[in-house]
Amino acid sequence: MKDPCDHYTFDLIGGVQKKPGRKPLGERAMTVAERKRRSRELRRNRLQELSVTVELSRDAQKSLDKMIEWWGVSKKEAINRALQIACQSQTGRTGMLFDLDMPPPATAKRRRKLE
């Protein structure tokens, strides 16, 4: 019989010592190359969900460059700040923020007629 205080001696009668580490995902443990390939694929999928590709007009690019210069941050940070500021300025008017079928303002029509 095994002493209950003995944690070092292996029990030969009923105990099977477990392997250290996580259990394998399949029938066998993955090789280092398989694990790295899976890691890269999962990372690539996560990054594709979060990334956005945008084409900017020249005026928008100039404005972005000015924001980068003023704030002293990267393009990513400047775009994040600009979007947050735009959303905050629409507080209470969120319907107008997403309404794409808005007619042009009346003041713009008057200017054209006067010229």
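In this predicted model, Glu77 pairs with Arg81 in a salt bridge whose closest N and O atoms lie 3.3 Å apart. Both residues belong to helix H3, where a spacing of 4 residues places them about one turn of the helix apart. Glu77 is partly exposed, at 33% relative accessible area, and Arg81 is likewise partly exposed, at 30%. The count of salt bridges comes to 2, and another pairing joins Arg28 to Glu34, with 3.0 Å between the closest N and O atoms. Glu34 has a relative accessibility of 24%, so this residue counts as partly exposed.

Helix H3 returns when the pockets are considered. The largest pocket holds about 410 Å³ of space. It is lined by 13 residues, and those closest to its centre are Val54, Lys76, Ile79, Asn80 and Leu83. Two elements, helix H2 (58–71) and helix H3 (75–89), each give two or more residues to this lining, and H3 provides the largest share, with 6 residues. By residue class, the lining of the largest pocket comprises 10 nonpolar, 2 polar and 1 charged.

The second largest pocket has a volume of about 280 Å³. Its lining includes the run of Lys19, Pro20, Gly21, Arg22, Lys23, Pro24 and Leu25, together with Arg28, Ala29, Met30, Arg35 and Arg38. Here the lining residues divide into 6 charged, 5 nonpolar and 1 polar.

Key. Residues are numbered from 1 along each chain as its sequence is written. This is a predicted model: local features need pLDDT of at least 70, side-chain atom pairs count only at pLDDT 80 or more; totals for chains, interfaces and linings use all residues. Side-chain values use heavy atoms; hydrogens and water are left out. On a 1 Å grid over the protein atoms alone, a cavity is a set of points where a 1.4 Å probe fits but cannot get out, and a pocket is an open set with protein on both sides within 12 Å along at least five of seven lines; lining residues have an atom within 4 Å of a point. Grid points are joined across faces, edges and corners, and a volume is the space filled by probe spheres set on the points. Ala, Val, Leu, Ile, Met, Phe, Trp, Tyr, Cys and Pro count as nonpolar, Asp, Glu, Lys and Arg as charged, and the others, Gly among them, as polar. A salt bridge is a side-chain nitrogen of Lys or Arg within 4 Å of a carboxyl oxygen of Asp or Glu. Buried means under 20% relative accessible area, exposed over 50%, partly exposed in between (1.4 Å probe, protein chains only).
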